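Work through the exercises below with the sequence and the structure at hand. Each task is followed by a solution in steps.

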Amino acid sequence: MDRFLPLVVAVPLLGAALLVGAGRRMPRIVAESVGCLCAACTAGLALVLLARGTAVSWVGGWEPYHGHSVGIVLVGDRVGLGLAALTSLLVTAVLVYSWHYFDEPPRGHAGAYPALVLLFQAGMCGFAVTGDLFDAFVFFELMGVVGYALTGYRVEEARPVQGALAFGFVNSLGGYASLLGVGLLYARTGELGMAQVGRQLDAAPRRDALVVAAFVLVLTGFLVKAAAVPFHFWLPDAHAVAPTPVCMLLSGVMVELGVYGAARVHFTVFAGPGGVPAEDVRRLFLVLGVATALVGAAMCWQQRHVKRLLAFSTVSHTGLFLVGLAAGTAESVSGVCLYVLGHAGAKAALFASTGVLLDRHGSVDECELHGRGRDMRGVGVLFAVGAFALAGLPPFGTALGKALAEEHSPWLPVVFVLVSAVTGGAVLRVTAHVFLGAGQAPRTTQPETRGDEEPETEEPAWRLPRPMIAVAGLLLAGALAVGAVPALAEEVGAAARAFTDHAGYAAVVLDGRRGAAPPGPAAWWTPTGAGLGLLSAALATGLAALAVRRALPTGRWSAPLRRLHSGHVGDYVVWTAAGIGLLSALVLWPVG
Amino acid sequence: MSRRVRMGVLAAGLLATAALFVTAFLDMPHFGGAWHPYGDRAVQASVNRRTANTVSAVNFDQRGFDTLGEESILFASVLGTVVLLRQARDERTRAPRPGPVPAALRRYGLVALPATLLIGLYVIAHGQLSPGGGFQGGVVVATALHLLYIAVDYPALERIRPLGLYEVGDAVGEAAYVVLGVAGLLAGSAYLANVLPFGTFNTLSSGGTVPLLNAAVGLEVASAVVVLLARFLVQALEIEGGDGGKEQAA
């Protein structure tokens, strides 16, 4: 069964080729059905493999000989396959959601949009299951190329093209950095597989500049994808202009794959005696994570363009994922995994609901939409529920994940509660303004975050589009299930224990050792965790209520921070270069 | 950010990156050493499978999955270009005007075209034997067709370039690689396993699946480059902008 693992990449690729080849003669409904079918089959395959445990597949049959191989290994451990399954399920949901979404497909290319989404799926699944550094770079680039095209999809306007360009420049730079890092590791070890490189480094531990440089460079690419400060500037610009279904994928799973890549490379390659000391890695993830979480939350609160607001909330939650990784224990990593699952459902549902608003009113501007959602109660409820999920209200998966990730240091819960409350509160504020018409219509003078957009759909829908609402509802139900099903949390716990086991990973890949997952304490709700979740949800409600009553000071304090987000691609490139220096400084920081 | 701040931050970032690099390079294995663990293994594996061109053996046999990803990147880029350069609602097309072509250029083009086409096909077909292969040969083939645009004019290029057919070729090349991989699974081995007879060393039919995968890539790359250039040519020669985004963005 293991040998079928490469099909999680091959099936969507084949579907995309079919859609492009036959797209000219294919009616739109057939093209969209083929897209959904391929995505769903891949999801099914990933789930079947996941149920069987860990799958290791040497592509081309190049099994290692004396511990060495010239081939590529795909490693579908529980975390990798889980992400492939999450990606595939989300892609299926997005294809159902965007059923007849765009007014007209490119002439003679009815299959172009579903084909691009399938290629995106192939890139993300490949990145999730590969156990080879160079192969990871290839799929990183595939994800990127498709992401740029999907972001710029609405070519009638200038801004999508600019957003896609910023996305393209910054991510390409990150990709080059990663490739240089992979090159350094290859020069030292003569290997490209993660497990092999890790073993070679451990065989002759030399903590020298080459290892540090490789670590910094490889991580730079993945942290650009993860939109960690100061690499995050592309993300809000891309999200503000990308079609809403594409935002569901970017925020729901692509950004998280960046975090996954950083964690995967850290644990498999650098976590041994020949790698980078744990305290240096911890410092890196902690500082970057806290900065990302705070910057994202502060910017999120300032936005009135709803998609931009949600984009900054993704930035701030990514920061929390990184903080969770910093502890590096199986428990905190299982918290991050649950958090990512819950966040994917909640954030994708919020984008899906925003798409309904855009569809109906041709705007995603909080001020312009003031009170105009009164007749869409269902969407309002979805928005509010999504906001509470972001804020970490138990029993959502986000809340359980946070609870497990934060209990490692006395001051971390403060960051988690604050960031959840601010991002959840911002969405609740939008809900109150748009769907309840609460408070006065806010002023309309801050030009920087205005949200007038052309509707992306065929014609303003007068009835609420059922599939779009259903998808949003299902996604929220999923986010709820993540925190409410003990069996899932147990599985995630086992997955995280295997994921954090540096030597165990190499043994599974290279020695074919398939023991049962090491036993460990079952991760589940604690009174403290649930209490902190309730606290952040209550704070979010309070913040939203104060904002609606205009009882909060205006955002003048954040002007310098907002000025940094200039929309100038040159600035973003400059920050990316500076970020490499920052990462090196954090890793090499002299201790006491 | 003001220009001065931007340059300052850039200088700091680049200096730090340069320092990181220089110190890392000092720890690299020295130039001209005898220690090439991967190279030794790759050459051995390539000879065992009777593939004379080791680079092709690495690309299409040992690390064929990377090549699938790389081919898909090109495939996705072309599809993305088709989508991004489509005719927007507010754009019109006009027939391109032919321009004068010097007679010498015309004669050169008519001689060079068949020769270039032949070289391209040769490079694809001999990928398993000599330097080159599907990626390189595909680009040469696509270039050959565009000599017609340089030597004659755009309508002449359009006549030998039915775009629909090349779009199908692009997709068939991509699909063929994926399906050849599945053939390995069906034969009871791994995905992309080299399950065909390896043949005689240094002949056209050697290397098992290497020539087939190589041909699939050649078809995909040649078609993809034709479609890619066609999109840019249409944008440059045929489409007149409306008041839409492209001009503002430019």
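Two residues are in contact if their C-beta atoms, placed from the backbone, lie within 7 Å. The model used here is predicted.

**Exercise 1.** Find which residues A:Leu116 is in contact with, leaving aside its neighbours within four places in sequence.

Solution. Step 1: in chain A, the contacts of A:Leu116 are A:Val146, A:Ala149 and A:Leu150. Step 2: in chain B, A:Leu116 is in contact with B:Leu79, B:Gly80 and B:Val83.

**Exercise 2.** Describe the side of chain A that touches chain B.

Solution. Step 1: count the residues; 66 of chain A are in contact with 67 of chain B. Step 2: list the elements that each supply at least two residues on the chain A side; among them are helix 1 (7-22), strand 1 (55-59), helix 4 (112-129) and helix 22 (569-588). Step 3: pick out the top contributor, helix 5 of chain A, with ten residues. Step 4: sort this side by class, which gives 41 nonpolar, 15 polar and ten charged residues.

**Exercise 3.** Name the residues that touch the most other members of the largest nonpolar core, and say where this core draws its residues from.

Solution. Step 1: the core has 300 residues, and A:Leu90 and A:Leu116 touch the most other members. Step 2: helix 13 (residues 330-361) of chain A gives the most to this core, namely 18 residues. Step 3: at least three residues come from each of domain 1 (1-130) and domain 2 (287-442 + 450-485 + 525-552) of chain A.

**Exercise 4.** State how far apart the C-alpha centres of domain 1 and domain 2 of chain A lie.

Solution. The two centres are 28 Å apart.

Methods. Residues numbered from 1 in each chain as written. Chains lettered and ligands numbered in written order. Predicted model: local features only at pLDDT ≥ 70, side-chain atom pairs only at ≥ 80, totals over all residues. Helix = DSSP H or I, 4+ residues; strand = E, 2+ residues; numbered from the N terminus. Nonpolar A, V, L, I, M, F, W, Y, C, P; charged D, E, K, R; others polar. Core = buried A, V, L, I, M, F, W, Y, C linked by C-beta atoms within 7 Å. Buried ≥ 20, exposed ≤ 12 C-beta atoms within 10 Å, placed from the backbone. Domains from an automatic or database assignment.
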